[in-house]
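What do the aromatic rings of this model do with one another, and where do they sit? The paragraphs below go through them in turn.

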Amino acid sequence: MQDVVQQLNTGLSDLSISRPVDRLSWGIPVPDDSSQTIYVWLDALINYLTKANYPFQIPGKEDAAGWPADLHIIGKDIVRFHCIYWPAFLLALDLPLPKQILTHAHWTLGHEKMSKSRGNVVNPFFALDRFGSDVMRYYLIRDGGIKDDSDYDN
């Protein structure tokens with residue numbers, strides 16, 4: 001979190017919520033401006049609100065669907081998006097912020113972050129079928145890292 005505080009203390013520039021189509025052709029088009037698409041992180045983060053049924057909550061039970069989150073759990077590589085941009089979006093909408101944020105390390109494979117685009121991923125169902133869910137929960141909690149990455153191998 002020190003890096004987030006440092007970024008805030010050094011000042012932030014405005015964040016455009018759109019990107020030129022030539023940089024991001026597959027995004028959601030900006031209405032009335034075919035040269036722009038919606039910034040992918042804005043679209044992705046808004047899904048949290050969609051799950052919480054925003055803006056259609058029942059009066060008096062606004063947090064019944066899980067918003068604001070008691071604990072927002074994120075990977076260490078997306079801290080800027082979840083600890084700076086997301087709160088800014090929420091504040092702009094006059095919505096409550098998550099109560100706490102927990103940033104976790106990564107599970108790696110061969111000491112490299114797993115990535116679908118790189119193809120270095122594991123199928124968790126193999127381990128679940130082999131060891132069962134209770135054993136896998138224990139292993140992930142015991143060996144998984146909050147601060148430091150943990151290496152996994154099937």
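Across the whole structure, a search finds 7 aromatic pairs; rings of Phe, Tyr and Trp (its six-membered ring) pair if their centres lie within 6.5 Å, with planes under 30 degrees apart counted as stacked, over 60 as edge-to-face and the rest as tilted. Helices (H or I, at least four residues) and strands (E, at least two) are DSSP runs numbered from the N terminus.

Tyrosine 48 counts as partly exposed because its relative accessibility is 32%, whereas tryptophan 86 is buried, at 0% relative accessible area. Buried means under 20% relative accessible area, exposed over 50%, and partly exposed in between (1.4 Å probe, protein chains only).

Tyrosine 139 and tyrosine 152 also form a tilted pair, 6.0 Å centre to centre with 55 degrees between the planes. Tyrosine 139 lies in helix α5 (residues 133-143) and tyrosine 152 in strand β8 (residues 150-152), so the pair ties together parts 13 residues apart in sequence. Tyrosine 152 is buried, with a relative accessible area of 10%.

One aromatic cluster is formed by Tyr39, Trp41, Phe81 and Tyr85. Over the ring of tyrosine 39 sits the charged end of arginine 19, 3.8 Å from the ring centre; this requires NZ of Lys or CZ of Arg within 6 Å of the ring centre and within 35 degrees of the ring normal.

The model is predicted: local features need pLDDT of at least 70 and side-chain atom pairs count only at pLDDT 80 or more, while totals for chains, interfaces and linings use all residues. Residues are numbered from 1 along each chain as its sequence is written, and side-chain values use heavy atoms, with hydrogens and water left out.
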